[in-house]
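Dear colleague,

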Amino acid sequence: APKIIGLTGGIGSGKTTVAHFIEEFGFPVYYSDDRAKTIVNDSEELKIKIKDLLGDASYDENGRYDRKYVADKVFNNRELLQQLNEIIHPAVRIDFENWVKKQTKYLVFKETALLFELKLNRQCYKSLLVTAEDNIRIKRVMDRDDKTYREVQSVMEKQMPEKDKIKIADCIIYNNTNLEELKEQTEKVVFSIE
Ligand code: ATP
């Protein structure tokens, strides 16, 4: 079985950029958040459970998951959010396990925003954190998503503090400079994992 490396980072840290570099170096990456978005549409079982929890409007007239509706429903309702996660997370875990079985490389990467929050690092051989200074991250997301400083900051404030993640992570990539240096650091880290 391949060794699983959990890849994570807060908003705008550059984890997706790092994941793409990792794929360029020939290693497979499982994108948990992307997969979750697919699974909520593909699984009839999930559809039923989510509708039971949040209402039929969780899916639109074409049967597509209505992210906006669901996000509004669970916004500021920790109990509902937790129940929703208890439906979605096990399905993603099973999907991931099936994906891993198909991989032939000695290392595979699992990109998850909530690696430490959900303690998914316990199921990984090692954790790899991408981090950068708050100001840099905020500016990058403002450019990428056309958001205000305050909007990005408020998302950041709800995430696990960077200093706590740095304490737990096995490997850390500091993404405070340019993409060339980010790629070099990624290469070094990836090929030094044994
Ligand atoms: P999110 O969790 O918000 O999806 P992320 O951690 O996946 O963010 P990315 O999308 O990889 O972060 O990076 C955020 C933005 O910053 C992107 O537009 C990306 O191209 C840019 N970026 C990342 N690293 C650098 C860098 N070193 N130099 C310049 N731009 C960068």
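Predicted model: local features only at pLDDT ≥ 70, side-chain atom pairs only at ≥ 80, totals over all residues.

The secondary structure of the protein comes to nine helices and five strands, and if you follow the elements from the N terminus on, they run β-α-β-α-α-α-α-β-β-α-α-α-β-α.

The domain assignment divides the protein into domain 1, made of 1–28 + 106–194, and domain 2, which covers 34–102. The centres of domain 1 and domain 2, taken over C-alpha atoms, are 24 Å apart.

As for overall dimensions, the C-alpha trace spans about 50 × 45 × 30 Å along its principal axes. The radius of gyration of the protein is 18 Å, which agrees with the value near 16 Å that a compact globule of 194 residues would have. Of the 194 residues, 28% count as buried. Among the contacts with a separation of 6 or more, 74% are between residues 24 or more positions apart.

Which residues are closest to the ligand? The ligand is surrounded by 16 residues, and the closest of these are G14, T16, T17, R140 and R144. Three helices, α1 (15–24), α6 (134–145) and α9 (179–192), each supply at least two residues of this shell. Sorted by class, the shell around the ligand holds five nonpolar, eight polar and three charged residues.

Terms used: Residues numbered from 1 in each chain as written. Near = placed C-beta within 6 Å. Helix = DSSP H or I, 4+ residues; strand = E, 2+ residues; numbered from the N terminus. Nonpolar A, V, L, I, M, F, W, Y, C, P; charged D, E, K, R; others polar. Domains from an automatic or database assignment. Rg over C-alpha atoms; globule rule 2.2 N^0.38 Å. Buried ≥ 20, exposed ≤ 12 C-beta atoms within 10 Å, placed from the backbone. Contact = placed C-beta atoms within 7 Å.
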